[in-house]
Amino acid sequence: MKKILVLEDEANIRSFVVINLRRSGFEPIEAETGEMALEKLRVNPDICLALLDVMLPDIDGFEVCRRIRATGSKMGIIMLTAKSQEIDKVTGLMTGADDYVTKPFSPAELTARVDALIRRLGIDEDERSSTELVSGPFLLNTRNRTLEKDGQRLKLTQIEYLLMKLFMENPGKAMSREDILTAVWGNDFKGELKTVDVNIRRLRIKIESDPTEPEYLTTVWGYGYKWGY
Ligand code: CA
């Protein structure tokens with residue numbers, strides 16, 4: 001059973017959340033103060049997700065969130081914010097929370113958010129099971145997001161890493177600039193296709209012996225690019 005930390009100082013809200021999580025098949029771990037939450041996390045390293053109330057008697061939920069992230073933990077974090085605290089949502093997401101739920105919330109809403117986040121985390125778990133992509137002299141480690149060529153570490157920006165991952169996962173496949181833009185920058189990105197070319201050019205400088213005669217990341221004229229190796 002997946003363990004979920006429930007940090008909430010108000011006993012009635014806490015038990016409401018706990019009951020509903022249990023009903024959905026989770027194992028809730030309760031805490032009523034920030035310090036207690038951190039202690040529970042220390043003794044339960046297998047907690048996969050935390051629900052953090054913001055207003056607490058000791059340290060606030062944002063600080064708890066910050067401290068969890070400071071340990072390098074990638075666990076799912078959902079902030080429980082009070083109604084109309086718009087600023088809380090922004091602060092929460094900036095301190096490393098994945099999502100927020102506004103009080104008062106229904107059991108269905110809470111479970112939906114938890115399930116959605118678990119699914120997202122599940123994708124990460126799949127990634128972890130295959131942490132290395134190999135192609136020719138290249139070794140891409142998707143866990144620590146590093147690239148080596150002939151055993152030498154190449155320093156990549158996050159965008160360059162995502163480009164490498166996309167190409168190495170699709171060897172020999174011609175990919176249009178549109179596809180690349182969507183895959184790497186996301187659906188919401190309103191940038192130009194030129195962005196793709198600029199970043200490919202920079203990436204080639206790092207990975208190709210001769211960037212003007214690319215051997216691996218080749219151009220598909222009038223269309224896009226291909227991992228040609
Ligand atoms: Ca509270």
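This is a predicted model: local features need pLDDT of at least 70, side-chain atom pairs count only at pLDDT 80 or more; totals for chains, interfaces and linings use all residues.

Modeller: Residues are numbered from 1 along each chain as its sequence is written, and side-chain values use heavy atoms, with hydrogens and water left out.

Biologist: Why is Asp53 called buried, and why is Met55 called exposed?

Modeller: Buried means under 20% relative accessible area, exposed over 50%, and partly exposed in between (1.4 Å probe, protein chains only). Asp53 has a relative accessible area of 3%, so Asp53 is buried, and Met55 has 57%, so Met55 is exposed.

Biologist: What makes β6 and β9 edge strands of their sheet?

Modeller: Strands are DSSP runs of E with at least two residues, helices are runs of H or I with at least four, both numbered from the N terminus, and two strands pair if DSSP finds at least two bridges between them. Here 4 strands form an open sheet in the order β6-β7-β8-β9, with antiparallel pairing. Because β6 (132-135) and β9 (152-154) each have a single partner strand, one side of each is left without a neighbour in the sheet.

Biologist: How do you know that β8 and β9 are paired?

Modeller: Strand β8 (residues 146-149) is joined to β9 by 3 bridges, and the two run antiparallel; since the definition asks for at least two bridges, they count as a pair. Lys149 stands opposite Gln152 in β9.

Biologist: What is particular about the loop residues Arg145 and Asp150?

Modeller: In the loop between β7 and β8, Arg145 has a phi near 55°, a positive value in a residue other than glycine, and its 38% relative accessibility makes it count as partly exposed. Asp150, in the loop between β8 and β9, likewise has a positive phi, near 50°, but at 59% relative accessibility Asp150 counts as exposed.

Biologist: Why are helices α7 and α8 called roughly perpendicular?

Modeller: Axes are lines fitted to C-alpha atoms, for helices over the stretch in contact, and angles run from 0 to 180 degrees between N-to-C directions. Angles under 35 degrees count as roughly parallel, over 145 as roughly antiparallel, 65 to 115 as roughly perpendicular and the rest as oblique. The axes of α7 (residues 177-185) and α8 (residues 194-207) come within 9 Å and cross at roughly 75°, and the two helices are therefore roughly perpendicular.

Biologist: Which residues of α7 and α8 meet?

Modeller: Contact means heavy atoms within 4.5 Å, and Arg177, Ile180, Leu181 and Trp185 in α7 meet Thr195, Val196, Asp197 and Asn199 in α8.

Biologist: How many bridges join β11 to β12?

Modeller: Strand β11 (residues 217-220) is joined to β12 by 4 bridges, running antiparallel, and Thr218 has Lys226 in β12 as its bridge partner.
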